[in-house]
Amino acid sequence: MRQQQKNQKLATILSLLLKISAIICGTLAFLIIIFQPKTLTTNVQEKQFTGTSFQITLQNEVDDSFSHTTAQMWIFTLVLLCSAILIISILWLASQIFQELAVQFSPFQEKYVRKLRQISILLFLYAFVPQLLYSLLSTLLLPGYLFNLGLDSTILFAAIFYLLTEVFRYGVNLQTESDETL
């Protein structure tokens with residue numbers, strides 16, 4: 001009983017910290033959009049591989065002496081908004097899990113499996129959607145073309161969350177069988 005109370009207090013603290021993190025992330029994205037830098041510099045490499053990421057970039061720039069700063073700012077803003085929405089959604093879902101665990105600490109329930117699956121899907125989306133959106137918008141709004149695809153540790157975290165979801169699904173099945181046996 002005492003351990004359950006400790007777990008509930010910890011879940012309350014984690015829920016609060018995750019909600020604060022989501023609010024801070026949203027606020028920072030909002031402030032960055034409002035106070036955008038006046039110039040953007042992009043550093044593009046054709047192929048890059050480090051221990052944590054792999055990136056391929058195909059680019060064809062047409063230099064027509066026209067300033068594309070406005071288009072670059074719109075691209076930056078839309079990609080930032082997309083990324084921020086995904087991160088805020090992940091943090092908020094995680095905070096909901098801990099908020100519900102703070103009320104009744106019974107982690108092996110189907111509702112937690114659904115939320116963990118949603119988090120893993122959002123992490124997969126976060127790994128690909130912003131960079132694909134950036135490539136698409138750059139190709140549409142700027143002369144030339146740009147295709148950028150990078151794989152980094154976000155894919156690993158998404159896979160871990162997906163596996164964690166399957167572990168929880170198995171735990172739900174065991175809990176259901178145990179409850180039916182009693």
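Two residues are in contact when they have heavy atoms within 4.5 Å of each other. Keep that idea at hand as we walk through this structure, which is a predicted model in which local features need pLDDT of at least 70 and side-chain atom pairs count only at pLDDT 80 or more, while totals for chains, interfaces and linings use all residues. Residues are numbered from 1 along each chain as its sequence is written, and side-chain values use heavy atoms, with hydrogens and water left out.

Let us start with the overall plan. Read from the N terminus, the order of the elements is α-β-β-α-α-β-α. Of the 182 residues in the protein chain, 29% are buried. Here buried means under 20% relative accessible area, exposed means over 50%, and partly exposed lies in between (1.4 Å probe, protein chains only). If we take the contacts between residues at least 6 apart in sequence, 80% of them join residues at least 24 apart.

Now follow the chain into helix H1. H1 has 33 residues and reaches 48 Å from its first C-alpha to its last, close to the 48 Å expected at 1.5 Å a residue. The expected span is 1.5 Å times one less than the number of residues in the helix. The buried residues of H1 are Gln-8, Ala-11, Ser-15, Leu-18, Lys-19, Ala-22, Cys-25 and Ala-29. To read such a list, remember that an α-helix has 3.6 residues a turn, so residues three or four places apart point the same way. Which helix do the buried residues of H1 pack against? Their partner is H2.

We can look at this packing residue by residue. Ser-15 belongs to helix H1 and counts as buried because its relative accessibility is 5%. Apart from neighbours within four places in sequence, Ser-15 is in contact with Ser-95, Phe-98 and Gln-99. The side chain of Ser-15 also reaches the backbone oxygen of Ser-95 at 3.0 Å. This is where the polar contact comes in: a pair of N or O atoms within 3.5 Å, where, within protein, one must be able to donate a hydrogen and the other to accept it, and residues adjacent in sequence count only if both atoms are side-chain atoms.

Turn the view around and look from Ser-95, which sits in helix H2 (residues 69-103). Is Ser-95 buried or exposed? Ser-95 is buried, because its relative accessible area is 0%. Not counting residues up to four places away in sequence, Ser-95 touches Ser-15, Leu-18 and Lys-19. A polar atom of the Ser-95 side chain lies 2.7 Å from the backbone oxygen of Trp-92. Trp-92 meets Lys-19 too: the charged end of Lys-19 sits over the ring of Trp-92, 5.4 Å from its centre. A charge sits over a ring if NZ of Lys or CZ of Arg is within 6 Å of the ring centre and within 35 degrees of the ring normal.

Further along H1 we find Gly-26, which counts as partly exposed because its relative accessibility is 23%. Gly-26 and Ile-88 are 62 residues apart in sequence, yet their C-alpha atoms are 6.8 Å apart in space.

The next stop is helix H3 (residues 110-141), whose 32 residues reach 44 Å from first C-alpha to last, close to the 46 Å expected. H3 has a kink of about 35 degrees at Tyr-126, shortly before the proline Pro-130; the bend at a residue is the angle between axes fitted to the seven residues ending there and the seven starting there. Ser-120 is also in H3, and Ser-120 is buried because its relative accessible area is 1%. Beyond its neighbours within four places in sequence, Ser-120 is in contact with Ala-158, Phe-161 and Tyr-162.

Our last helix is H4, whose 29 residues should span 42 Å, in agreement with end C-alpha atoms 42 Å apart. The buried residues of H4, among them Thr-154, Ala-158 and Phe-168, pack against H3.

Technical notes: Helix = DSSP H or I, 4+ residues; strand = E, 2+ residues; numbered from the N terminus.
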